[in-house]
Amino acid sequence: MNNLMAGEAGTSFVSAGTSGTPSVFAVARLMLVRDLRLAFRKASQLVQPLAFFALITTLFPLAVTPELTQLRRIAPGVVWAAALLSSLLALEFLFRDDAQDGTLEQFALSGRSLTGLLAAKTAAHWLLTGLPLALMAPLAGVALGVQGAALPGILASVTVGTVTLSLIGAVGAALTLGVRRSGALLSLLTLPLSIPVLIFGARATQLAIRGQPYGAPLTLLAALAVFGITVSPLAAAAAVRINLE
Amino acid sequence: MSDFTLKGENVHLWRGERHVLHGVHFSVTGGQCLQLTGPNGAGKTSLLRTVCGLAYPEEGHIFWRGEDVRVDLPAFHAQLAYLGHEPPLKMELTARENLHYWVGVRRRLTGRELDGAIERVGAERWADRPVRTLSAGQKRRVALAGLTLMSVPLWLLDEPTTNLDAEGQRLVGRLIDEHLGQGGLAMAAVHHELIISSQGLRRLELRLE
């Protein structure tokens, strides 16, 4: 109907639903590529959380004890607390730049699903912070005296866990868009919600280090991630809309 | 010939304790440009943001083609382009990349279309420089290129001539003229009279109360 009417007006305007409109997936890919390209142009934001993670995990052997049997016991907690704090550090950048230069406003007015756009942005954020953290976690494990056999378990649990952390963070970052120096508020909002991830993640890591089956906590972590994927983009979009008003 | 109409009826907007818009009425049809004037703080930007659905009016309605825009906001958004105070550009990307991602979310773009728009706003020489290195007026020109690329019937412009030199101000006028000639409509908040030759210029003055 709309197309027909636009056609009648004898104009060259593109209206919704014509072949000129890219598909949801094309738009999501465009967003992903954009965010990755942007991130690599300001690499310091990328490196910061990773350096932080490496720093925390190397401080423990220095502060507690260099003895590997003891380090191995605290390794799950160290890896997970460090992963949680590092991913928190990266959150502030998730939507802030786009909000400041008016890009989010343009997204909200694009006629495309804001939920989808924010989901794509969150995915890019995970690729840029969560995935590198997950790849670094086994290395940190080795530094803390963890045996090689446990490393796949650490990799798997941190990979799945950071997905949820990114999703929780997206809601928090969207809610605190209007707040100046949102860092403190953001951590207050997201840390309590991240506790289940910390518990199940650390448990899976602990079991992996002991050489026991860690499927159960890993499945629970995955369930949290699925729940997050379902709910978080919707909540983030609603929060962004409120902040734009 | 064009069935594009934008109408506002009795629009009231409050910002906290401040009553910003006091029952604003307006009506624009295809081929017309509504020029919003008024002192700072009179609510020009607020009116534009209300029209495009970013702000919720306490009372009153906006109608696009006779239908309340709240009924299907995404469909309405797909037909409008809003340009705020600041050009929505990424400092780290080049002008060309910015246009590619900004407009690409809405519609498929060919390289030739991009080149055409860049040429039209006189940006050929610096289209591949990071936006960070561009002047405020150059950024504004890039934003104007984005506006034309969206090819939507409704333009909502907040101070479109800010930071532009005399030539740039005439460019804005030309672009609006062409847009109106195609049956499009525009609403622009301005401090200086727009330089447009079209017969379709309408005025709305907002007052401080």
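Leu207(A) sits in helix H9 of chain A, a helix that covers residues 183-210. The model is predicted. Is Leu207(A) buried or exposed? Leu207(A) has 20 other C-beta atoms within 10 Å. A residue counts as buried at 20 or more, so Leu207(A) is buried.

Which residues does Leu207(A) touch, leaving aside its neighbours within four places in sequence? They are Gln212(A), Pro213(A), Tyr214(A) and Pro217(A). Ala90(A) makes another reference point: it lies 117 residues from Leu207(A) along the chain. The C-alpha atoms of Leu207(A) and Ala90(A) are 28 Å apart.

Now for chain A as a whole. Its secondary structure consists of ten helices and zero strands. Read from the N terminus, the order is α-α-α-α-α-α-α-α-α-α. Three further values describe this chain.

| Property of chain A | Value |
|---|---|
| Span of the C-alpha trace along its principal axes | about 80 × 35 × 30 Å |
| Buried share of the 245 residues | 47% |
| Share of contacts with a separation of 6 or more that join residues 24 or more positions apart | 76% |

Chain A also meets chain B. How many residues does each chain bring to the contact? Chain B gives 36 residues, and chain A gives 30 residues. On the side of chain B that touches chain A, the elements giving two or more residues are helix H2 (73-77), strand S6 (80-83) and helix H3 (95-104) of chain B.

Key:
Residues numbered from 1 in each chain as written. Chains lettered and ligands numbered in written order. Predicted model: local features only at pLDDT ≥ 70, side-chain atom pairs only at ≥ 80, totals over all residues. Contact = placed C-beta atoms within 7 Å. Helix = DSSP H or I, 4+ residues; strand = E, 2+ residues; numbered from the N terminus. Buried ≥ 20, exposed ≤ 12 C-beta atoms within 10 Å, placed from the backbone.
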